[in-house]
Amino acid sequence: MNAPFIGILTGVCLARVVVPKRHFVAFGAIASAVLIGAASLETLALIGGTALVVLYPIGTLIDRARASGDLRGSKRWFRVGSALVACAWILFKINREFDLPFLQGTSPSSVLLRTVGFSYFLFRAINYLYIRSLTSLPEKGPLRVLFYSLFPATLTSGPIQKYAEFCRECALPRPLDWANFSLAAFRITQGYFYKLCLAVLVKHFADQLIAHPSLTGPESLAIIVLFTLFTFFDFAGYSHIAIGFGLLLGIRVPENFKQPFLATSVTEFWRNWHVTIGDWFRDHVFIPAGAMRRGGIYAAAIAGFVMLGCGMWHGFSTLFLAWGAWHGTLLFLEGVTGSKPMAPADRHGPSYWSRILWTNMKVAMGGVFFLPSWADVGHLATGLLRWW
Amino acid sequence: MSKATNQGRSHPRPRLRLFIWSVMAAAIFWTLIYQAGKKDGGVPDFVYVNF
């Protein structure tokens, strides 16, 4: 975060105190555009432009079709809008991962490469279109969707706030009083403590261990544990910052982590780790696909495919594909075998802690696919076989 | 004194929160000093961008 950005952020927070509530959305949209523009003009142009040129017009068409009783038309426009944003995201990903020659060196390529947050924008954009196809939300103009799309606190890496929830927050923005300010300061400090102190510390130890030319079993296991902790401190730290930052801007951002390491099954782990992405998949994939209703092997297979898709969402590489396949298989097996999280009353004693340990081991083993290369994965796997 | 909450998540009571906040802020401060004082080090980037 550079000095001008912090300066603008402070100005925005102070100005918010005197802006009347009825102008909150307009103020928020303009302030977000200024903040994002100061950080990255390409991001402002791409995400703001998509919100104004694609999301808002298609949202209006969905609303009109639904208001006139044409539900099929409303669904059709929802699919068109979602496909357009998804195509833009695929182009963006392919260009980032593979540097396609036909895009390299051209203006769109360099713009795309300097853009941040489009992956998370995809989720918000689809949720916006989905909500508009479901219910009537009075839209006075494109400012609210622009504010939603550019909201700086969650732009780059979530948490993924639902549009209906965002509208409720806009209607009753959080005042910048002492209670909210101190809570925001606490969450932001906690976030930076996680990221700058704890994440850096565990990564330092992990890097030192992985540099050994010949790893032993305990060393490999320690690297896996440290790497899992690093991922948690980095991502949970980021989420704390986003929640605190959101509160400063008047919006309550949803929680993203709910004690995931105390989960007693991988399914429960994914309900408590990156909570908002799990909610998104439940609302936009599970329920529409009928997985909640049909259950059984069908639901387990959908859960497996969702994790595979989640892996590809992280990036188009075989490592992310393997990560998705690992978690997808675990969820599929839990779904097929009917393995359920332990009931609250049973959560004590050795069986409870052994379930927690077993779940964390399975999750941590998948984390090795987040290593930079297959050579690193192989290096670690070889070490795991060397216990004598 | 009531606990501040965010969607059911409880936060420490004000005095405890202030103490924890001070410890975390001090740790961040000394980490930054340590990083800046390293031979090839500098102040780490504060931007929390994955992409």
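## Loops, pockets and a helix pair

The structure is a predicted model, in which local features need pLDDT of at least 70 and side-chain atom pairs count only at pLDDT 80 or more, while totals for chains, interfaces and linings use all residues. Residues are numbered from 1 along each chain as its sequence is written, chains are lettered from A, and side-chain values use heavy atoms, with hydrogens and water left out.

**Two residues with positive phi**

- Most residues other than glycine have a negative phi.
- A:H274, although not a glycine, has a positive phi of about 50°, and A:H274 lies in the loop between α11 and α12 (275-286) of chain A; helices here are DSSP runs (H or I, at least four residues) numbered from the N terminus.
- A:Q259 is not a glycine either and has a positive phi of about 50°; the loop that holds A:Q259 runs between α10 (217-248) and α11 (266-272) of chain A.
- A:Q259 counts as exposed, because its relative accessibility is 59%.

- The largest pocket has a volume of about 980 Å³, where a pocket is an open set of points on a 1 Å grid over the protein atoms alone, with protein on both sides within 12 Å along at least five of seven lines, and lining residues have an atom within 4 Å of a point.
- Of the 38 residues that line the largest pocket, A:F227, A:T231, A:H314, A:F320 and A:F370 are the closest to its centre.
- The largest share of this lining, seven residues, comes from α10(A).
- The second largest pocket holds about 810 Å³ of space, and of its 29 lining residues the closest to the centre are A:T267, A:R271, A:F286, A:A303 and A:L331.

- The axes of α15(A) and α16(A), which are lines fitted to C-alpha atoms over the stretch in contact, with angles from 0 to 180 degrees between N-to-C directions, come within 8 Å and cross at roughly 155°.
- Therefore α15(A) is roughly antiparallel to α16(A), a term for angles over 145 degrees.
- In contact (heavy atoms within 4.5 Å), A:W323, A:W326, A:H327, A:L330 and A:E334 of α15(A) meet A:K362, A:V363, A:M365 and A:G366 of α16(A).

Key: Buried < 20%, exposed > 50% of the residue type's maximum accessible area, 1.4 Å probe, protein only. 1 Å grid on protein atoms, 1.4 Å probe; cavity = no way out; pocket = protein on both sides within 12 Å on 5 of 7 lines; lining within 4 Å. Points joined across faces, edges and corners; volume = space filled by probe spheres on them. Parallel < 35°, antiparallel > 145°, perpendicular 65-115°, else oblique.
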